[in-house]
Amino acid sequence: MSTTATHDPMGQPHELVEHNLTEHYLVTAAKGMALIGGFLFIGLICMSLVSIIGRKIGFGSVTGDIELMQAGTAVAAAAFLPYCTLLGEHLKVDFFTEGMQSRLKRSIDGFAELLVAIFAGVLAWRTALAAISIHEAGEVTPLVSLPVWIPVAALVPSLAMMGVCAAYRFAAAFSQRKMLTGGEA
């Protein structure tokens with residue numbers, strides 16, 4: 001395994017190098033969540049195609065396709081957040097830090113990861129509370145009667161894992177040995 005990061009400014013994906021067992025488990029879990037999100041997107045695309053083609057040839061559309069698409073897209077997109085966090089590929093404005101020394105830039109990026117970890121933790125906590133509240137209220141979608149708490153609750157693991165990954169990147173930014181070569185931390 002190479003220990004050098006290849007970070008392409010044009011946004012091409014780079015290799016995420018694992019240095020220890022913790023990183024291995026984080027990367028495995030994050031990749032697994034991203035794969036689940038990808039398969040969910042593929043399922044949503046198939047459902048949408050069936051609905052569109054069915055409408056065009058006269059068989060009708062999938063009942064509740066729009067509400068299922070809304071719920072599924074939120075869950076699928078959230079599933080990519082932990083892996084994106086491990087790669088250090090969140091949107092960031094590094095115009096002001098571009099010319100800084102790498103040690104100072106690494107520290108600033110490390111504190112940014114701490115903010116992401118805190119933000120993700122608060123989001124996971126509040127989303128879990130929202131799911132509980134929606135469950136107690138018994139809210140369902142209008143067409144297919146999908147309990148709304150289910151997709152809301154499905155967001156929580158992704159947000160929590162994103163927080164764990166960001167916290168790890170925060171720790172890696174201030175470690176004596178370089179860890180997680182993806183991104184800048």
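**Helices and loops**

Q: In this predicted model, how close do the axes of helix H1 (residues 21-57) and H5 come, and at what angle do they cross?
A: Two packed helices are described by the angle between their axes and the distance between the axes. For H1 and H5, the axes come within 11 Å and cross at roughly 150°.

Q: Is H1 roughly parallel or roughly antiparallel to H5?
A: The axes of H1 and H5 cross at roughly 150°. Angles over 145 degrees count as roughly antiparallel. That makes H1, relative to H5, roughly antiparallel.

Q: How do the residues of the contact of H1 with H5 divide into nonpolar, polar and charged?
A: H1 brings Thr22, Glu23, Leu26, Ala29, Ala30 and Met33 to the contact, while H5 brings Pro157, Ser158, Met161, Val164, Cys165 and Tyr168. Sorted by kind, they come to nine nonpolar, two polar and one charged.

Q: How far apart are the end C-alpha atoms of helix H4 (residues 102-137)?
A: H4 has 36 residues, so at 1.5 Å a residue it should span 52 Å. The value in the model agrees with this, with the end C-alpha atoms apart by 51 Å.

Q: Does serine 145 count as buried, partly exposed or exposed?
A: Serine 145 lies in the loop between H4 and H5. Its relative accessibility is 45%. Buried means under 20% and exposed means over 50%, so serine 145 counts as partly exposed.

Q: What is the phi of serine 145?
A: Most residues other than glycine have a negative phi. Serine 145 is not a glycine, yet its phi is positive, at about 55°.

How values were computed
Residues are numbered from 1 along each chain as its sequence is written. This is a predicted model: local features need pLDDT of at least 70, side-chain atom pairs count only at pLDDT 80 or more; totals for chains, interfaces and linings use all residues. Side-chain values use heavy atoms; hydrogens and water are left out. Helices (H or I, at least four residues) and strands (E, at least two) are DSSP runs, numbered from the N terminus. The expected span of a helix is 1.5 Å times one less than its number of residues. Axes are lines fitted to C-alpha atoms, for helices over the stretch in contact, and angles run from 0 to 180 degrees between N-to-C directions. Angles under 35 degrees count as roughly parallel, over 145 as roughly antiparallel, 65 to 115 as roughly perpendicular and the rest as oblique. Contact means heavy atoms within 4.5 Å. Ala, Val, Leu, Ile, Met, Phe, Trp, Tyr, Cys and Pro count as nonpolar, Asp, Glu, Lys and Arg as charged, and the others, Gly among them, as polar. Buried means under 20% relative accessible area, exposed over 50%, partly exposed in between (1.4 Å probe, protein chains only).
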